[in-house]
Amino acid sequence: MAKALREQQKMKNQVLKTRREVVSAIICTFEGGRECAAARIGLPLKKFDNHAYENNNCRPLTDAQIFQLEQVTGTQHLPNYVAAMYGGMFVPVIHPENLDTVEMYTRAMQSSAKQGTVDQIIAQALDDGVITDVEAELIQNAHTLHMAARTAEVYAAIDLYRAKSGKAK
């Protein structure tokens, strides 16, 4: 049961537990893999591997390097990880110039899909009548991602339909 739920949770924006998992997930989603990721941040492959996987007493990749890689992959693993450490959730800032009704519809669909994921995980967890610690963690993870998507959707609606100065009644 828990294994099936874990597989379902392998979503693009899964909240990861360690910085090492964050870096690994980014590298796995990077088109071209480690080689292209290393080239993107200007490191030779061996040095990149040492920093990415913290081998040979090397310092981990910096936040700036991870951010640079995530700009290419479109993931948000690092901010989700850091927010989760503080018991919060990451909600990306909305750029009003990029908002329109199509974007709003897309955000609404993403939020609804994530809510559906939460509901499915709960239903599957209740198949045996008990929610285990592992299942509870999966439910909470999915719920955090849903709430972040819903919050972003609400903020986008406010920004898109906010009364502009001179237009307010």
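This is a short talk through one predicted protein model.

Okay, hi everyone. Some ground rules before we start. The model is predicted, so to speak about local features we need pLDDT of at least 70, side-chain atom pairs count only at pLDDT 80 or more, and totals for chains, interfaces and linings use all residues. Residues are numbered from 1 along each chain as its sequence is written, and side-chain values use heavy atoms, with hydrogens and water left out.

Let's take the overall picture. The protein chain has 8 helices and 0 strands; here helices are DSSP runs of H or I with at least four residues, strands are runs of E with at least two, and both are numbered from the N terminus. Reading from that end, the elements go α-α-α-α-α-α-α-α. Of the 169 residues, 33% are buried. Buried means under 20% relative accessible area, exposed means over 50%, and partly exposed is in between, using a 1.4 Å probe and protein chains only. One more total: take contacts (heavy atoms within 4.5 Å) between residues at least 6 apart in sequence, and 68% of them join residues at least 24 apart.

Now, a pair of helices. How do H2 and H6 cross? Helix H2, residues 19-29, and helix H6, residues 77-85, have axes that come within 9 Å and cross at roughly 160 degrees. Those axes are lines fitted to C-alpha atoms, for helices over the stretch in contact, with angles from 0 to 180 degrees between N-to-C directions. That makes H2 roughly antiparallel to H6. For the cut-offs, under 35 degrees is roughly parallel, over 145 roughly antiparallel, 65 to 115 roughly perpendicular, and the rest oblique.

Who does the touching? On the H2 side we have Arg-19, Val-22, Ala-25 and Ile-26, and on the H6 side His-77, Leu-78 and Tyr-81. Sorted by type, that is 5 nonpolar, 1 polar and 1 charged. The nonpolar set is Ala, Val, Leu, Ile, Met, Phe, Trp, Tyr, Cys and Pro; Asp, Glu, Lys and Arg are charged, and the others, Gly among them, are polar.

While we're in H6, look at Val-82. Val-82 is partly exposed at 34% relative accessibility.

On to salt bridges. There are 6 in the structure, each one a side-chain nitrogen of Lys or Arg within 4 Å of a carboxyl oxygen of Asp or Glu. One of them joins Lys-17 and Glu-137, at 2.3 Å from N to O. Lys-17 is in the loop between helix H1 (2-8) and H2, while Glu-137 is in helix H8 (residues 133-161), so this pair ties together parts 120 residues apart in sequence. Lys-17 is exposed at 55%, and Glu-137 is partly exposed at 37%.

Another one links Arg-107 to Glu-103, with 3.0 Å between the closest N and O atoms. These two sit 4 residues apart in helix H7 (residues 101-125), about one helical turn. Arg-107 is buried at 18%, whereas Glu-103 is partly exposed at 25%.

Last stop, backbone angles. Most residues other than glycine have a negative phi. Where do we find Glu-54? Glu-54 is in the loop between helix H4 (45-52) and helix H5 (63-73), and its phi is positive, near 55 degrees. Asn-57 is in the loop between H4 and H5 too, with a positive phi of about 55 degrees. Glu-54 is partly exposed at 32%; Asn-57 is exposed at 81%.

That's my tour, thanks!
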